[in-house]
Amino acid sequence: MAVKIRLKRMGKIRAPYYRVVVMDSRTKRDGRAIEEIGKYHPTEEPSLIDIDMERAKHWIANGAQPTEAVARLIEIVDSGNLKVKEPKTSKKDLYEAALASAGKEGEEHEAITAKKKADKAAAEKAEKEAAEQAEKDAAQADAAEAATAETTVADDAKTEPEATEAPASEATEASTEDKA
């Protein structure tokens, strides 16, 4: 059996990426592999080449023949001329850099969702306190109205007996005048 180390194409149309595989030379290009030993993404800048050199050398020593493309990839990885992609900066770092360029500090502008939640909680707390204060004010107003009503009733009670006595005295005067 002739074993080859070759590329297995994957991905979408016009967006290929490959796996470096060890497979029988008679199988289809994208068929079943004996072992996957690496990957190759030519569309990235710089291209991603990740090959397990220990397994590649093992298969070559046991008689596997690399294709021209894979031989070139192995040569690049073996020589150390591999370009490495810069690590991607985190979104938080990008955000802080944008704030710094705008002239504002990051402490003032934290995550919006946390602020919205805190503002919402504070608004609900303020509404509850306002409702409680309104209830207390209403209770005090009712108590004040009751107190003024009681004093008014008491004042009216004091003035009413005098008014009721006057007609009684008039009635007695009227009755004495009739007798005379």
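Helices (H or I, at least four residues) and strands (E, at least two) are DSSP runs, numbered from the N terminus.

The model is a predicted one, in which local features need pLDDT of at least 70 and side-chain atom pairs count only at pLDDT 80 or more, while totals for chains, interfaces and linings use all residues. Residues are numbered from 1 along each chain as its sequence is written, and side-chain values use heavy atoms, with hydrogens and water left out.

The protein has 4 helices and 5 strands, arranged along the sequence in the pattern β-β-β-β-α-β-α-α-α. Of its 180 residues, 16% count as buried. Contact is taken as heavy atoms within 4.5 Å. Among contacts with a separation of 6 or more, 33% come from residues 24 or more positions apart.

The strands build an open sheet of 5 strands in the order β4-β3-β2-β1-β5, with mixed pairing. Strands β4 (48–51) and β5 stand at the edges with a single partner strand each, so one side of each has no neighbour in the sheet. Two strands are said to pair if DSSP finds at least two bridges between them.

Glycine 11 has proline 16 in β2 as its bridge partner, and lysine 4 is partnered in β2 by methionine 23. Lysine 4 also stands opposite glutamine 65 in β5. The pairing of β1 with β5 (residues 65–66) is in the parallel sense, over 2 bridges, and there isoleucine 5 has proline 66 as its bridge partner.

Strand β2 is mostly covered, with 7 of its 10 residues buried. It pairs with β3 in the antiparallel sense over 5 bridges, and arginine 19 finds its bridge partner in β3 at lysine 39. Lysine 39 in turn stands opposite aspartate 50 in β4. Between β3 and β4 the pairing is again in the antiparallel sense, over 4 bridges, and a hairpin through 6 residues joins the two strands.

Next come the helices. For their geometry, axes are lines fitted to C-alpha atoms, for helices over the stretch in contact, and angles run from 0 to 180 degrees between N-to-C directions. Helix α2 lies across β1, β2, β3, β4 and β5, running at about 90 degrees to β4.

How do α1 (residues 53–61) and α2 (residues 68–79) sit relative to each other, and at what angle do their axes cross? The axes come within 11 Å and cross at roughly 130 degrees. The two helices are therefore oblique to each other, given that angles under 35 degrees count as roughly parallel, over 145 as roughly antiparallel, 65 to 115 as roughly perpendicular and the rest as oblique. Their crossing is left-handed, a term used if the near helix is turned anticlockwise from the far one by less than a right angle, with clockwise giving right-handed. In this contact, Met53, Ala56, Lys57 and Ile60 in α1 meet Ile74, Val77 and Asp78 in α2. The residues of the contact divide into 5 nonpolar, no polar and 2 charged, where Ala, Val, Leu, Ile, Met, Phe, Trp, Tyr, Cys and Pro count as nonpolar, Asp, Glu, Lys and Arg as charged, and the others, Gly among them, as polar.

Finally, lysine 83 is found in the loop between α2 and α3 (91–102). Is lysine 83 buried or exposed? At 62% relative accessibility, lysine 83 counts as exposed. Leaving aside neighbours within four places in sequence, lysine 83 is in contact with Pro46 and Ser47. Lysine 83 and isoleucine 49 are 34 residues apart in sequence and 9.0 Å apart in space, C-alpha to C-alpha.

Methods:
Buried < 20%, exposed > 50% of the residue type's maximum accessible area, 1.4 Å probe, protein only.
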